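This briefing is for a reader who is meeting the structure for the first time. Please look through the sequence and the model before reading on.

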Amino acid sequence: MRIAIGQLWQESNTFNPLPTTWADFEAFGHFEGPAIIDQFKDTNELGGFIQTLRAFPTPVEIIGLQRFAAWPSGPIDAPTFRLLIDRMLGSLSQAGRIDGVLLALHGALVADGEPDVSGHLLARVRELVGPSVPIVATLDLHANMTARLVAAADVLTLYHTAPHIDVMNTGKRAAQALRRILFEGAKPVTAFRKLPMVVPAERANTQDPNSISFGIRKTLEGWERNPFVLSAGIATVQPWLDIPEMGTSVLVTCAGPEWRNWAEQSCSELARAVWQRRREYLPEIVDPTWAVAQAHACSDGLTVISDSADATTSGSTGDSTVLLREMLKYTWPRPAIVPIVDPAVVAEADRLGVGATFAATMGGTRNRRDFQPITLDVTVNSIFDAKFILSGHLGDKLPIDIGRSAVLTHGNVHIVATSRSGPHFAPQLFQTAGLDPFTASLLIAKSPCGFRAAYADQSKQIFVARAPGCAPSDFWNYPFIRIPRPLWPWDEMGDL
Ligand SMILES: [Zn+2]
């Protein structure tokens, strides 16, 4: 038996002015052919595929296609989009006869001229392999599922968690669905509902019993334990996408037409329940001046402030100076840590060397629309390569390399400046920089919700700041022109 596997993964943000290019995919690690199996057998969705395929009832020849992944950022430029699709399809057509396809996708990947890259790819793969070869794909919980995407796949398997701590497990569940089709004669039937709503990410914490998302996760996991269910998921969407067909979706796939009614009914019930409770997603966001003052007033323990509007995990640029300006107003008893993406200031620090003091101008270079640069005297505390293994939100042993980086200090404010964007919340980033995020006074996390997996139990207080950026929590107050209307919370609506 021969199964082809591959990945095309990025969460796009159409408010980020920086296009994602081929260089971004190369920087994150492009692999093809057998190298995919060597590199990713223990990592994320691909690792889940590989481990499960190796336990199939008959030996499987795993054909590595392409692994394309880039850190969340602006939409992919048109030449890169064509290159990615052509190379993925080229590998698949060269693979010869195959018995199934497993793809790790995101579902909120946008390219210049193509708002639904995942749907485009799956439709092209379907064209190539024909109707009888099963296609199973994984999606992020922040996917924007479209009718084309759903129609092209036999099964779509979604992350159940946010923070995303089940990435590899999602790969395993997808491969199990493929096993059911290939060995048990499952004939997938899918119920799919699109809801005219987009919800903030901040309170959609599936691990918090007080969040609406907790009960939804439990329901979906319960459904998937039924032997006749191949997949059940909700995609609440990455909100910062100004694209057609934008909205939350619920999907239930059962193992044969005899369960079609169950699938349709369950899907409708969940969609209705989520719609009725949609206001529970509205976040509490606070003024950054107040939040930093609260952190300073807290004499012991860690305060974490989510700079969610500039969350690099949401595809923002990571060069905000808004919270840094507030932090500079205080003398901190213990380190106050803030990450920033600024390759120029890293290069200058690298040139001057550890121990040098200089007037550094930083921030506001990637997103000039929202941020102003700041100039302050800093000491180069350390220079390092930001290479580490991400485990926790978004990663199961995921190698990260965001380039040459520096820790710049001004008093006890520690600025972790990196050359590229990445998980600017992850304890592993700060630890690689030589800092202990858990004993700091204050940590700025560039993440709306996922950071809680690492910090919820380790911090004294957590705030989400209301600040400018490409990923504001109150996104419906910003101009969107392509989304379908009416759409909540832009528009108030009654029962559906
Ligand atoms: Zn996500």
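Predicted model: local features only at pLDDT ≥ 70, side-chain atom pairs only at ≥ 80, totals over all residues.

Which residue in strand 3 is the bridge partner of Glu32? The partner is Gln66.

**Domains**

- The domain assignment of the protein divides it into domain 1, residues 2-281, and domain 2, residues 288-473.
- Taken over C-alpha atoms, the centres of domain 1 and domain 2 are separated by 31 Å.
- Contacts between the two domains involve 29 residues of domain 1 and 30 residues of domain 2.
- On the side of domain 1 that touches domain 2, helix 3 (44-53) and helix 7 each supply at least two residues.
- The residues on that side of domain 1 comprise 15 nonpolar, eleven polar and three charged ones.

**Strand 3 and its partners**

- Strand 3 spans residues 61-69 and is mostly covered, since eight of its nine residues are buried.
- Strand 1, residues 2-9, runs parallel to strand 3, and seven bridges join the two.
- Ala4 has Ile63 of strand 3 as its bridge partner.
- Strand 2, residues 31-32, pairs with strand 3 in the antiparallel sense over two bridges.
- Strand 3 is therefore paired in both senses, parallel with strand 1 and antiparallel with strand 2; in general, strands of a sheet pair through backbone hydrogen bonds, in either of these two ways.

- An open sheet is formed by three strands in the order 7-9-8, with antiparallel pairing.
- Strand 7 (189-195) and strand 8 are the edge strands, each pairing on one side only.
- On average, and with direction ignored, neighbouring strands of this sheet are turned by 5° against each other.
- Strand 8 and strand 9 run antiparallel and are joined by six bridges.
- Within this pairing, Gly233 has Leu251 in strand 9 as its bridge partner.

**The loop between strand 8 and strand 9**

- Val237 lies in the loop that connects strand 8 (229-235) and strand 9 (248-254).
- The phi of Val237 is positive, about 75°, although this residue is not a glycine.
- Is Val237 buried or exposed? Val237 counts as buried because 24 other C-beta atoms lie within 10 Å, where the cut-off is 20 or more.
- Glu245 is also found in the loop between strand 8 and strand 9.
- Glu245 has a positive phi as well, about 60°, and is not a glycine either.

**Cis peptide bonds**

- Ala162 and Pro163 are joined by a cis peptide bond, with omega about 0°.
- Pro163 sits in the loop between strand 6 (155-158) and helix 7 (167-184).
- Pro486 belongs to the segment after strand 17 (461-464).

Notes:
Residues numbered from 1 in each chain as written. Helix = DSSP H or I, 4+ residues; strand = E, 2+ residues; numbered from the N terminus. Buried ≥ 20, exposed ≤ 12 C-beta atoms within 10 Å, placed from the backbone. Pairing = 2+ DSSP bridges. Domains from an automatic or database assignment. Contact = placed C-beta atoms within 7 Å. Nonpolar A, V, L, I, M, F, W, Y, C, P; charged D, E, K, R; others polar. Axes fitted to C-alpha atoms, helices over the stretch in contact; angles between N-to-C directions.
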